[in-house]
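Please keep the sequence and the structure in view while reading.

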Amino acid sequence: MKVHALIRATAYAMTLHAGLTFAASGASGAAPASPAGSQAPYSAASDQIRFGNAALFRNLIPSATLEQQSADEYAQILREARRTKHLLGDDNPLVKRARDIANREIPFALKWNDRSKNWKWEVNVVRSDEIRMYCLPGGKIVIYSGLIDRLRLNDKELGMMIGHEIAHALREHARDRLGRQQAAQLSTGTIPPLFGFADISSTPLGIGEQLLAMRYTPADETEADVIGSEIASRAGYDPRAAVTLWKKIDARTRRTPNGFIWMHPFGAARVHDLMKRLPDMMPLYAKAIGKTVDELPNYAGMGRFKKPRL
């Protein structure tokens with residue numbers, strides 16, 4: 001991105017961010033702030049599905065810069081895991097299982113992001129009690145064994161989980177979140193504006209810990225649910241498993257400070273979103289495994305969710 005274009009984008013983002021801040025603080029009848037440390041409830045947003053929408057704030061951080069720093073963070077995670085003997089080897093059953101699922105899904109993911117066709121996709125599993133997983137920008141996937149073992153995920157659920165995290169990376173949700181933080185710092189003068197514009201693409205952003213502890217918005221979650229479910233369904237994983245997956249995650253991590261469900265907001269509205277999209281996903285899954293929707297077996301008492309005849 002040329003510097004003058006970046007300046008224009010940043011200036012507009014600063015103006016927009018300031019306007020949003022004023023509207024949030026000055027609107028009459030605004031809801032009171034949540035107590036410190038409490039988890040805001042999941043609520044559906046009117047613009048949740050944003051297919052094709054290039055978020056303005058993403059332009060503050062070039063994709064290549066974020067992908068390179070994500071690769072550096074990923075390499076550091078693997079080095080530390082090897083040092084402490086927590087990195088599972090290539091012949092470990094959990095590693096083979098996760099890589100097999102990811103390799104089946106990745107071909108169906110590439111249409112959602114042109115850059116992903118050149119990503120060097122990698123999957124590794126770290127031995128840990130943590131219930132955690134992420135797909136870093138650039139296609140670097142890290143799974144903590146506690147996610148699979150403690151939740152007793154079946155392949156359908158793990159397929160939905162991997163698809164969901166891949167979708168976050170494809171839709172550049174981390175880049176959007178970090179861009180908003182950059183705009184906030186610029187608008188408050190935390191970063192000297194003239195230097196900030198010029199250095200965004202060349203100076204380390206210090207995004208390591210931010211990437212690993214990032215909290216997504218309900219809009220991000222719904223977009224990742226929809227795209228991730230399509231990817232996994234086309235690869236042959238039952239989309240109904242997304243419901244049981246997130247209920248398991250919610251039950252085990254809701255009371256954990258900054259736990260996985262805190263980073264991925266969840267609630268009744270999100271369950272409703274998952275369920276109402278099943279009629280679109282079930283035919284994709286049925287086709288992938290060579291069956292018709294009528295031939296699909298029951299799963300977790302949820303039925304087949306056939307699309308109504310017009």
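A residue is called buried when its relative accessible area is under 20%. By this criterion, both Trp119 and Trp121 are buried. The model in which they occur is a predicted one.

In the pair formed by Trp119 and Trp121, the ring centres are 5.3 Å apart and the planes stand at 55°, so the pair is classed as tilted. Planes over 60 degrees apart would count as edge-to-face.

In soluble globular proteins, nonpolar side chains tend to be buried together. Here, the largest nonpolar core has 49 residues, and Ile141, Ile143, Ile166 and Trp246 are those with the most contacts inside it. Helix 5, spanning residues 155-170, supplies the largest share of this core, namely eight residues. Apart from this core lies another, of nine residues, including Ile77, Leu136, Val142 and Tyr144.

Leaving aside residues up to four places away in sequence, Ile141 touches several residues, among them Trp121, Tyr74, Met133 and Ile166. Trp246, for its part, has the charged end of Arg270 over its ring, 4.0 Å from the ring centre.

For the protein chain as a whole, the secondary structure comprises 13 helices and three strands. Of its 310 residues, 49% are buried. Among contacts with a separation of 6 or more, 77% join residues 24 or more positions apart. The chain exposes about 15500 Å², of which carbon and sulfur atoms supply 54%.

Terms used
Residues numbered from 1 in each chain as written. Predicted model: local features only at pLDDT ≥ 70, side-chain atom pairs only at ≥ 80, totals over all residues. Heavy atoms only, no water. Core = buried A, V, L, I, M, F, W, Y, C linked by side-chain atoms within 4.5 Å. Buried < 20%, exposed > 50% of the residue type's maximum accessible area, 1.4 Å probe, protein only. Helix = DSSP H or I, 4+ residues; strand = E, 2+ residues; numbered from the N terminus. Contact = heavy atoms within 4.5 Å. Phe/Tyr/Trp six-rings, centres within 6.5 Å; stacked < 30°, edge-to-face > 60°. Lys NZ or Arg CZ within 6 Å of the ring centre and 35° of its normal. Areas by Shrake-Rupley, 256 points an atom, 1.4 Å probe, with all protein chains shown as cover.
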